[in-house]
Amino acid sequence: MTMKRFDLLTLIIVVFSACGRTSHETEMDKYISKLMSQMTIEEKIGQLNLITPGGGIPTGAAVSTDVETKIKEGNVGGIFGITGPEKIRQAQQLAVEHSRLKIPLLFGSDIIHGYKTIFPIPLGLSCSWDMELIEKTARTAAEEATADGLNWNFSPMVDISRDPRWGRVAEGAGEDPYLGSEIAKAMVRGYQGNDLTSNNTLMATVKHFALYGASEAGRDYNTVDMSRLRMYNVYLPPFRAAIDAGVGCVMTSFNDVDGIPASGNKWLLTDLLRNNWKFDGFVVSDYTSVNEMVDHGLGDLQAVSALALKAGLDMDMVGEGFLTTLKKSLEEGKLSLNDINRACRRILEAKYKLGLFSDPYRYIDESRPEKTILTAQTREIARDAAARSFVLLKNDKNLLPLKKDRNIALIGPLANNKNNMLGTWAVSGDPQLSITVLEGLKNATGNNSNIHYAKGANISDDPEFAQKVNVFGTRIDIDERTPQAMINEALMLAKRSDVVVAVIGEASEMSGESSSRSSISLPDSQKKLIRALANTKKPLILVLMTGRPLALEEEIQLADAILLTWHPGIEAGNAIADVLFGKYNPSGKLTMTFPRNVGQVPIYYNHRTTGRPNSGDEFQKFRSNYLDVPNSPQFSFGYGLSYTTFAYSNIMLSKNYMNSNEKITASIKLTNTGKVDGEEVVQLYIYDKIRSITQPVKELKGFQKIFLKAGESKDVHFTIGINELAFYHHDMSFKAEAGEFVIYIGTNSDETISDVITLTE
Ligand code: NOJ
């Protein structure tokens, strides 16, 4: 009886909520259909136009003109590059008070790793392997950006990156599809929350769809060519994850996919994205990527614009190919009214979902910025996020953590440098508000501090190189002194100190968009400095700031300890002090492999097997290896040290056989065997021993970040089901094949303990 009442209640709830959903959709559909029935062709095409008045950072040659007139005439669907309640109110007023149909505008921006409170670069954040933290940074960014009137974000960037020559590796989560997918979901949750109409949530955009991270030779905007198998198994999963998490918008990439530029690729934008994945948001191009299809050789602007619209692109960023040619194409029968209606409806739906039709000013509240942006609390989150993103690469004789009373020579071009703390793609951040390492160490050591600073070297001595890097402001500042004079000063200081902390690496804009490098070593100026410092025989700690993995073979030999901090964001110096002095015990793990030299690139842990694999690092004739460098990387995926040590033991399986409906629990015992408390990222990898297609030697399928007090132990469990064993086949089906699988659990992708399970037919 009770059971029956329960069933009835469940049924009522299900029906009721289904009705609720339908009626909501119907409401939106009805509203938009009515609006569209009043729209002219020009007004519909106007909605597909995204402009930037040039206030932000242009990422191409073009910026939009006649903005005011265009808005009033209904020729604009959204704007990016303007911020602040006042300016956004003015622009919104033009649309809702002066245009014929009063359709509100979308206000977008690139909020990649924080709005004003700048967090570590995304590659750095990914090294925290901390989904709660990553979600919190995205949430904070959304709070701040919406307080400044914005409602749409061009993030997360989820491009898998296996080539550190490509500058944009800084913007993503590294090389792994599983970790990348988890991070994509966390970021979408953080930006969008669970109610897009709320005035503190942003509509997120997953980008760059697709395969942009595989640009040939690591050169930005270059051609991509890849098998469907690799697309499905490696490059597409983070997009799928963001879409399943409800992301509102997808941005296309600049590159071609199977020979057709992404912005005009019907297979990608319609067959896969809409029909297969059921994406129901809208698709925006990248900056002038529609126009660039002319350079790709697909026709003139009118032809490529029609191609893009028909392929499934809804909004054209900056290029105005849609605005200026779609009507003509319609008149000439080169596209249908349906094509235009479909894209227009999707843009209007986004505005509806954001609540802009019921209140176009809902994100605009002049009292919010002061209360919300860059507060003591947001800075605290940034400091914590930075400390958690650092990766300890080397720590001989437990040189770190340092005692505060040591006499420290703080040396290097990035040691007292506000301009490079934020990292690339921090368009709304103010570098001058960031904390330098010198400030951070002094904050930590107080008035009696024994910290003395010398610059020691320029980031680079090459003025031509500096000019290319300094496009958004001075990042490389070439000193008036000679390089030798700077080194001499640093050496004098080093000799009268107990320990040398050298803060070295890349300027912010040495990575990021249009910042590819063919050499991924430190610039010569800094190499010389490090050699000279090492010669003093003083203990040498390198604090390494970079936007990409670097080749550091020589520096690794010379330094006693290396702390990789990436570009740490606004609280850089304080977070570095927290870790150097042991207030926070580093727990970050690499999410991109560090090669020994650039010739090993692309290098990644989950490479496929070859027919002539090399065993170990010894050269073997007629095996897959190099004459001049071992196959193994300098630091492998998942690697990172701690001030404590962790032991892995007792790998246990709940059973050895499973069928496709069952699950197995794999467990290990983790023990903190050192003297201080710490966190460890426990990683689960799987290798499928026999498959009908060639397969990765190992694939990440789970991870957990575990805190243990010194001496404490804990059992860590992972559940393995069919999804962890399945992969995409030639026919694009996702399924597992019966047989044996090796289960590895460990501290990084190379150091693991293992056991074997069998999937039965
Ligand atoms: C070009 C970049 O590729 C993209 O990531 C960014 O969102 C747009 N410019 C807008 O700034």
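Before the examples, some housekeeping. This is a predicted model, where local features need pLDDT of at least 70, side-chain atom pairs count only at pLDDT 80 or more, and totals for chains, interfaces and linings use all residues. Residues are numbered from 1 along each chain as its sequence is written, and side-chain values use heavy atoms, with hydrogens and water left out.

Take R548 and E506. Their closest N and O atoms are 2.6 Å apart in a salt bridge. The pair links distant parts of the chain, 42 residues apart: R548 sits in the loop between β15 (540-545) and α21 (553-558), and E506 in the loop between β14 (499-505) and α20 (524-535). Helices (H or I, at least four residues) and strands (E, at least two) are DSSP runs, numbered from the N terminus. R548 is buried at 0% relative accessible area, and E506 is buried at 0% too. Buried means under 20%, exposed over 50%, and partly exposed in between, with a 1.4 Å probe and protein chains only.

Next, E331 and K327, with closest N and O atoms 3.7 Å apart. They are separated by about one helical turn, because they lie four residues apart in helix α13 (residues 321-331). E331 is exposed, at 60%, while K327 is partly exposed, at 33%.

Terms used
Salt bridge = Lys/Arg side-chain N within 4 Å of Asp/Glu carboxyl O.
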